[in-house]
Amino acid sequence: MTLGALEETLRERPDDLASWLVYGDRLRERGDPRAELIQLAERRSRVGPGSGRDAVDREIDALVAEHRESWDAELPEGVSAAERRHGFATAIAVEWEDDDAPRAVDEALRAAPFATALRIVPPESDPAEFDYWEDDTDEDGEPLPSAEVEAGVLATLDLAPFTSVDLSYLRIGALGAKALAVSSYFRSEAAGGRSLAAAAGPGRLRTLDLRYCQIGDSGLAALAANPFFTGVRRLHLQRNALSAKGVRALHAFGALTELDLRYNAIGEEGTEALLAAPFAGSLTRLLLYSADVGGAGARTLAAAPQLPPVLRSYWRSV
């Protein structure tokens, strides 16, 4: 198996220790100290809790401390490793600076072949500004994106390699969400896709964090219309200027198990739309405040047979 094929296998099956050991043999041929980390992880899996495992942990910690600086240096400027496995970055954080984030993401993936989680760090801003976002809308009532986030640049951001994407506090607005929604079409067309309808397909994305992104109802509807996003299971939409109309767009996300809708005034109508969603009975976590749904909405949730008992019980206590 080629090195590239091994890396793709490990991206898809990161717990496949046998493939990691084969990969470690290839690393050892190149004098890469991460081969030893893989061997130590295999040894650790064979010893039970206690002094034996503690000793292996100390060896792992020492090896990581010795080489961490050189591993960090492999990543391009503005990119950091948020999580690592066997010394390789599995989650990366990329600063949004000078609209260069998409290029940095592409470069980071070449340096970190096992990165499946992406966090875009927004430009520095005053958190107090978040209180005023909902008043900042265009003539159609859609939330305006930040002047620091260019929708055209967002359209070049390739999210396809990732299972988890965190854009929280990156104020992209409805326009930015629409740019993300069509970006997979652009890439497919450039690669020879025959039509926009054929270009979209289910993505590997499972976690999408859009807290404080202010995408609005139309931005959410654009994401919901692209199958690339609809396999998401954990969706965070705190403070996105959503109404009942936006909740109805959520019906396309049929696999949701965790949903955060806090600080969105969805009202009783939105509550009913939520309970009509195909995922309502599969939710293990639903984040909403009583002020978001109103008194009638809260009573509806407390009595909703569509919700799992633990969620109904919570609303009965509100």
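**Reading pockets, a cavity and helix packing**

Q: Which residues line the second largest pocket?
A: L37, A41, I60, D61, V64, R68, W71, R84, R85, H86 and G87 form the lining of the second largest pocket. A pocket is an open set of points on a 1 Å grid over the protein atoms alone, with protein on both sides within 12 Å along at least five of seven lines, and lining residues have an atom within 4 Å of a point. The model is predicted, so local features need pLDDT of at least 70 and side-chain atom pairs count only at pLDDT 80 or more, while totals for chains, interfaces and linings use all residues. Residues are numbered from 1 along each chain as its sequence is written, and side-chain values use heavy atoms, with hydrogens and water left out.

Q: How much space lies in the second largest pocket, and which element gives the most to its lining?
A: About 180 Å³ of space lies in this pocket, a volume being the space filled by probe spheres set on the points, which are joined across faces, edges and corners. With five residues, α4 gives the most to the lining. At least two residues each come from α3 (34-46), α4 (51-73) and β1. Those names follow DSSP runs numbered from the N terminus: helices are H or I with at least four residues, strands E with at least two.

Q: How does the lining of the second largest pocket divide by class?
A: It has five nonpolar, two polar and four charged residues. Here Ala, Val, Leu, Ile, Met, Phe, Trp, Tyr, Cys and Pro count as nonpolar, Asp, Glu, Lys and Arg as charged, and the others, Gly among them, as polar.

Q: Now the largest pocket: how much space lies in it, and which residues lie nearest its centre?
A: Its space comes to about 330 Å³. Of the 21 residues that line the largest pocket, E83, T90, A91, T116 and A117 lie nearest its centre. Four residues come from β1, the largest share of this lining. Elements that each supply at least two lining residues are α1 (3-12), β1 (79-85), β2 (88-95), β3 (117-121) and β4 (164-166). By class, the lining has nine nonpolar, four polar and eight charged residues.

Q: What can a probe tell me about empty space?
A: Rolling a probe the size of a water molecule over the atoms shows where empty space is left. A cavity is a set of points where a 1.4 Å probe fits but cannot get out. In the whole structure, a search finds one cavity of 30 Å³ or more. About 40 Å³ of space lies in the largest cavity. Its lining is made of R34, W71, E74, L75, R84, G87, F88, A89, A111 and A112, and these divide into six nonpolar, one polar and three charged residues.

Q: At what angle do α3 and α4 pack?
A: The angle is about 160 degrees, and the axes are 10 Å apart. Axes are lines fitted to C-alpha atoms, for helices over the stretch in contact, and angles run from 0 to 180 degrees between N-to-C directions. The two helices are therefore roughly antiparallel (over 145 degrees; under 35 is roughly parallel, 65 to 115 roughly perpendicular, the rest oblique). Their crossing is left-handed, meaning that the near helix is turned anticlockwise from the far one by less than a right angle; clockwise is right-handed. Contact (heavy atoms within 4.5 Å) is made by R34, E36, L37, L40, R43 and R44 of α3 with R53, V56, D57, E59, I60, L63, V64 and W71 of α4. By class, that contact has seven nonpolar, no polar and seven charged residues.

Q: How do α11 and α12 pack?
A: Helix α11 (residues 267-275) and α12 pack at about 40 degrees, with axes 7 Å apart, and are therefore oblique to each other. The crossing of α11 past α12 is right-handed. On the α11 side, G267, E268, T271 and L275 meet D292, V293, A296, G297, T300 and L301 of α12.

Q: And at what angle do α12 and α13 cross?
A: Helix α12 (residues 290-302) and helix α13 (residues 309-316) cross at roughly 115 degrees, and their axes come within 9 Å. This crossing is left-handed. From α12, S290, V293, A298, L301 and A302 meet R312, W315 and R316 of α13.
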